[in-house]
Amino acid sequence: MGTLAGPAVAGHPRIAALYERDQTCQTLGIALDEVAAGRAVMRMRVTAGMVNGHGMAHGGYLFLLADAAFSYACNSYGPVTVAQAAQVTFLAPAAVDDELVAEAVERVRSGRTGIYDVTVRQADGKAVAEFRGHSVILAGKPHSD
């Protein structure tokens, strides 16, 4: 397992393998700290190469961090699951050297779809973005609940 995957991921070999193949997260230094059924926690340090012309973290990187956490949360059950739709609301700016933590939590699963909320926070707990993702299962059995 890569150095960016936390020890809690070791108990999920399929997720650990998925993370190993995730070149985007690996390249940007996005770490997968935790994963459980319908939940994931990821973190990323904002670098100088991630800021926009205003000197703030570019919204695309905040979206990417939230989307990555969403991806691992909705893939925690086994079937191949992808985003069907997503939206983000930016609440506060993030700056160079801020460590951001994204926590994804499942809200509902039904049939082949799911809804997940992700909060991206700074180290002091201040929310910088809220993300809602809708997932769809591509392969495997649909949810029966």
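Reader: Why is Tyr116 called buried?

Author: In this predicted model, Tyr116 has a relative accessible area of 1%, and because buried means under 20% relative accessible area, with exposed over 50% and partly exposed in between (1.4 Å probe, protein chains only), Tyr116 counts as buried. Residues are numbered from 1 along each chain as its sequence is written, and side-chain values use heavy atoms, with hydrogens and water left out. Local features need pLDDT of at least 70 and side-chain atom pairs count only at pLDDT 80 or more, while totals for chains, interfaces and linings use all residues.

Reader: What makes Phe70 and Tyr116 an aromatic pair that is tilted?

Author: Rings of Phe, Tyr and Trp (its six-membered ring) pair if their centres lie within 6.5 Å, and planes under 30 degrees apart count as stacked, over 60 as edge-to-face and the rest as tilted. Phe70 and Tyr116 are 5.7 Å centre to centre with 55° between the planes, so they pair and count as tilted. Phe70 belongs to helix H3 and Tyr116 to strand E5, 46 residues apart, where helices (H or I, at least four residues) and strands (E, at least two) are DSSP runs numbered from the N terminus.

Reader: Which parts of the chain does the pair of Phe70 and Phe131 tie together?

Author: This pair is also tilted, at 5.7 Å centre to centre and 50° between the planes; because Phe70 lies in helix H3 and Phe131 in strand E6, the pair ties together parts that are 61 residues apart in sequence. Phe70 is buried at a relative accessible area of 1%, and Phe131 is buried at 2%. Phe63, Phe70, Tyr116 and Phe131 form one aromatic cluster.

Reader: How do you know that strand E4 and strand E5 pair?

Author: Two strands pair if DSSP finds at least two bridges between them, and E4 (residues 99-110) and E5 (residues 113-121) share 9 bridges in the antiparallel sense, so they are paired. Val101, for example, has Arg121 in E5 as its bridge partner.

Reader: What makes E1 and E3 the edges of the sheet?

Author: The open sheet has 6 strands in the order E1-E2-E4-E5-E6-E3, with antiparallel pairing. Strand E1 (31-36) and strand E3 (81-90) each have a single partner strand, so one side of each is left without a neighbour in the sheet.

Reader: Why is the charged end of Arg109 said to sit over the ring of Tyr77?

Author: A charge sits over a ring if NZ of Lys or CZ of Arg is within 6 Å of the ring centre and within 35 degrees of the ring normal. The charged end of Arg109 is 3.6 Å from the centre of the Tyr77 ring and sits over that ring.
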